[in-house]
Amino acid sequence: MNEILVQYLVKNLIIKDRIIPNRMVLAPMAGLGHIALRRLISEFGGFGLLFTGMCNAKAIPHENPETSLVFKWRKEELSNLVCQIFGSDPKTMAAAAIRIEKEGFFGVDLNFGCSVAAICKKGYGAALLKKPDLSSKIVKAVREAVSIPVFVKFRTGWENNPLFPVDMAKRFEEAGADALTFHPRVAPDRRTRPPKWDMIRLVQESVSIPVFGNGNLFEKEDGIRMLRETFCQGLSIGRMAVARPWLFAQWTDGFLPGDDIYYKTALRFSYILSDHFDDHFAVKLFKKYAPYFCANFKFGHQLLKKLVYAQTMIDIRNNLASVFESTPEALSRPNINLFL
Ligand SMILES: Cc1cc2nc3c(=O)[nH]c(=O)nc-3n(C[C@H](O)[C@H](O)[C@H](O)COP(=O)(O)O)c2cc1C
């Protein structure tokens, strides 16, 4: 059974009229899934698609990729890259999707899942799940505006009622979505309690478009178990892909990380960050990544403290060299307390 699922993971998946090479995708993550992290992940390969962090739909039509943090990409990644947008006005969302299509992205992803107060207060993200009719209108407007695949990312809703996400999934499909990513947690639960995977199965059974299951996928066994228990068509991986950017290659491509993978990867990431951002910003982004990286180690908290004591990227590289002088003990399962 497991062997069949391992094979399933590397099978092509059709989304609308396009094919992706396997069933593992990077989940959208604001502040983490930027051009530099995606480049690091791309150097290992093994994924089906990558997603940007959420972009404000209002800004997209006039956004300058040279200066934007989120609406920024490398040409080579566009054919596997989905741009996520948030907003609540159907016309604004459609206008953003038109620019995204023009730029050559694989698809556009609509955010119905973010439960951060600043987003929900404005009626965006998971707040839209309180307005199912408006949600349908948004998907419909985007569907009519573009011919690239339209993705929807959503969560359980605001109450623990499995009928609700099932109803929303049907609505999204009817309105023209080509694939769903479902994160089975209520808002505003922000990853403290475990996600309810059984709801992924219910959502998956209620639609005929592909459903990516999302939430607490840490090791390959978790991915196989999610496929087995939910019958979802793909896996969307967030935080663990930051902690271990080689994870896609490891799960789908037989990549075997050596003992030096941690130091090499963090060092490489420091150089990629410097390629794309000024020193001040590169340091800021490295510090955001550091808790995920340090979660790989037994004394991750101590390591994190040493690593982020830095003003410049040169400090960061010196800290990395000093921390890895004595090989820190790696954990097979990360210490998620570092990145809850
Ligand atoms: C720092 C951070 C930023 C996130 N930003 C977004 C976002 O912009 N859009 C979105 O749909 N979800 C966002 N998420 C949620 C993730 O896509 C994903 O649903 C969540 O992390 C659970 O998956 P995981 O257990 O694999 O990390 C974010 C999560 C984290 C940790």
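**Close-up 1. The largest nonpolar core of the predicted model.** Among the 111 residues of the largest nonpolar core, those touching the most other members are Ile85, Val108, Leu110, Val142 and Leu180; such a core is a set of buried Ala, Val, Leu, Ile, Met, Phe, Trp, Tyr and Cys residues joined through C-beta atoms within 7 Å. Helix α12 (residues 279-294) supplies the largest share of this core, nine residues, helices being DSSP runs of H or I with at least four residues and strands runs of E with at least two, numbered from the N terminus. Domain 1 (2-252) and domain 2 (261-338) each contribute at least three residues to the core, with the domain bounds taken from an automatic or database domain assignment. This is a predicted model, in which local features need pLDDT of at least 70 and side-chain atom pairs count only at pLDDT 80 or more, while totals for chains, interfaces and linings use all residues. Residues are numbered from 1 along each chain as its sequence is written.

**Close-up 2. Contacts of Val142.** Apart from its neighbours within four places in sequence, Val142 is in contact (C-beta atoms, placed from the backbone, within 7 Å) with Met93, Ala94, Ala97, Val108, Leu110 and Val150.

Close-up 3. Val25, found in strand β3 (residues 24-26), is buried because 27 other C-beta atoms lie within 10 Å, where 20 or more count as buried, 12 or fewer as exposed, and values in between as partly exposed. Leaving aside neighbours within four places in sequence, the contacts of Val25 are Phe47, Gly48, Leu49, Phe51, Phe212, Gly234 and Ser236. The C-alpha atoms of Val25 and Leu81, 56 residues apart along the chain, are separated by 9.8 Å.

Terms used:
Contact = placed C-beta atoms within 7 Å.
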